[in-house]
Amino acid sequence: MTRLADPWADSTTDPLEIAQQAAKVIAGASNAASHDIAVVLGSGWREAADLMGEVRAAIPNGDVPGFAPAAVDGHDGHIRSVAIAGDPERRALVFGTRTHLYEGRGPAAVAHTVRTAAAAGCTSVVLTNGCGSLRPQWAPGTPVLIADHLNLTGATPLVGPAFVDLTDAWSPRLRALARGIDPTLEEGVYAQFPGPQYETPAEVRMARVLGADLVGMSTALEAIAARHVGLEVLGISLVTNAAAGHGAPLAHDEVIATGQAAAQRCGNLLSAIVTAIAAGDRA
Ligand code: 8IG
């Protein structure tokens with residue numbers, strides 16, 4: 001297989017044009033003219049994906065313009081087209097991994113996932129991640145809905161006068177839908193740090209003062225880009241560790257193990273949410 005050139009190396013690339021190209025390849029490879037709901041799987045969520053429905057196509061990231069193979073252990077470098085359980089006429093577009101800002105491919109590469117989802121016809125996206133918790137009552141294995149975010153990266157995927165309103169960036173409608181499925185779900189503010197290093201204890205205290213409940217290295221930039229292209233956004237963070245200074249030292253192995261332990265609950269939750277979003281879209 002010849003490797004596609006990385007369009008993000010060229011600053012004159014129009015990101016929405018690359019997203020259109022990617023959507024075309026996905027439509028061809030999945031035999032589906034359009035998709036309905038996108039799902040982005042973060043750390044700890046891979047096994048949760050299997051419950052969403054029947055996989056109709058698994059396309060290697062490297063075959064799709066603008067995407068790169070998975071860079072993180074425990075992530076899967078495929079884009080899947082899934083016939084949604086309970087509603088197989090509708091398709092979910094499931095991204096097994098994401099590009100992180102710390103990979104150095106730039107914010108446009110980070111935003112490419114959600115831009116491609118929109119170009120493929122999706123009207124909503126479920127962004128998942130693994131994160132550190134600043135709340136002792138949210139132990140590893142707890143899924144938390146993202147109610148708002150702090151973008152502490154100093155970066156943005158938007159260029160030019162794209163004055164996107166983020167007041168309701170984290171869809172109140174979809175959060176209510178998720179809580180309808182699992183009334184024990186709580187909500188928090190997610191702070192995106194640039195990574196790849198975890199925070200110092202002082203940075204975690206800073207995040208606390210700023211209003212964060214969760215810390216991570218993804219998701220906020222994607223949410224911004226998703227709102228810009230009109231997607232409705234739901235965010236679910238899986239707490240995989242206590243934030244630095246709140247527990248034991250941090251290790252990526254633990255992140256993966258926590259994901260495996262929480263896979264059943266997270267999988268059921270994600271699958272029920274995707275089915276409910278599809279049903280709502282139809283109504
Ligand atoms: I998984 O504790 C995961 N990702 N910044 N801090 C940051 N990112 C994370 C963490 C964490 N855990």
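Q: How far is a ligand nitrogen atom from the side chain of N241?
A: An N or O atom in the N241 side chain sits 2.8 Å from a nitrogen atom of the ligand. That is a polar contact, a pair of N or O atoms within 3.5 Å. This is a predicted model: local features need pLDDT of at least 70, side-chain atom pairs count only at pLDDT 80 or more, and totals for chains, interfaces and linings use all residues. Residues are numbered from 1 along each chain as its sequence is written, and side-chain values use heavy atoms, with hydrogens and water left out.

Q: What about E199 and G216?
A: E199 puts a polar side-chain atom 2.4 Å from a ligand nitrogen atom. For G216, a backbone N or O atom lies 3.4 Å from a ligand nitrogen atom.

Q: How much of the ligand's accessible area does the protein cover?
A: 96% of the 320 Å² that the ligand has on its own. Areas are Shrake-Rupley, with a 1.4 Å probe.

Q: Which strand gives the most to the shell?
A: Strand 5, with 3 residues. Strands here are DSSP E runs of at least two residues, helices H or I runs of at least four, numbered from the N terminus.

Q: Switching topic: which residues have the most contacts inside the largest nonpolar core?
A: F95, V125 and L127, in a core of 32 residues. Such a core joins buried (under 20% relative accessible area, 1.4 Å probe, protein chains only) Ala, Val, Leu, Ile, Met, Phe, Trp, Tyr and Cys residues through side-chain atoms within 4.5 Å.

Q: What does V125 touch?
A: Its contacts (heavy atoms within 4.5 Å) include A38, V114 and L234, leaving out residues up to four places away in sequence.

Technical notes:
Buried means under 20% relative accessible area, exposed over 50%, partly exposed in between (1.4 Å probe, protein chains only). A polar contact is a pair of N or O atoms within 3.5 Å; within protein, one must be able to donate a hydrogen and the other to accept it, and residues adjacent in sequence count only if both atoms are side-chain atoms.
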